[in-house]
Amino acid sequence: MNNDQIKAVFDQQAAGYDERWAKTAPIRHALHFLLEAVFTGLPADARILCVGAGTGDEIGYLARRYPRWTFTAVEPSGAMLDIFRDKAAQGGFGDRCHCHEGYLDTLPAQAPFDAAT
C-alpha cells in the first residue's frame, strides 16, 4: 500500500474507529500505565510528539494527567484528526494541541520534543 491508500483506509474507518477498538480498552489502559512510567521525570511543561495520533485516545489520556503538557499530533488521516479535534475541544485541552495532517517526514522543523509516542 502506498501512503495515499493507507490514508484512504483510515479516512473510511474514522467514524467507527473508537467503537471498533473498544474491546481493547484493557490493553490501552496498560499502555497508558507504561507511558506514565516511561515519562516519569519529564518537565511539567513537556512537549510531546504523537506519531499516528488517530482519534487521539493516547493524547486525551496524557492531557488529562498532565495539564501543562502540549502535544503535536501527526496523523495522515484528516477524518481521524477531525474526530481528535472534537475530542480535544470537548475535553478542554484543544488549545494545547497542534494537529499535523500528514506523515512524520512532512512535519515542519521545530524545537525538539521532550518525548514521543
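Hi everyone. Let me start with a word we'll need: a residue is buried when its relative accessible area is under 20%, exposed when over 50%, and partly exposed in between, using a 1.4 Å probe and protein chains only. What you see is a predicted model, where local features need pLDDT of at least 70, side-chain atom pairs count only at pLDDT 80 or more, and totals for chains, interfaces and linings use all residues. Residues are numbered from 1 along each chain as its sequence is written, and side-chain values use heavy atoms, leaving out hydrogens and water.

Now find helix H2, residues 25-38. Helices here are DSSP runs of H or I, at least four residues, numbered from the N terminus. Which residues of H2 are buried? They are Ala25, His32, Leu35 and Glu36. Down the axis of H2, these buried residues fall within an arc of 100°, so they line one face of the helix; the arc is taken from the directions from the helix axis to the C-beta atoms. They pack against helix H3 (57-65), where contact means heavy atoms within 4.5 Å. The face turned away from the buried side carries exposed residues, including Pro26, Ile27 and Phe33.

Next, the rings. Rings of Phe, Tyr and Trp (its six-membered ring) pair if their centres lie within 6.5 Å; planes under 30 degrees apart are stacked, over 60 edge-to-face, the rest tilted. The structure holds three aromatic pairs. One of them, Trp69 with Phe71, is tilted, at 6.5 Å centre to centre and 55° between the planes. Trp69 is buried at 2%, and Phe71 is buried at 2% relative accessibility. Ring pairs link Phe39, Tyr66, Trp69 and Phe71 into a cluster.

Notes: Helix = DSSP H or I, 4+ residues; strand = E, 2+ residues; numbered from the N terminus. Expected span 1.5 Å × (residues − 1).
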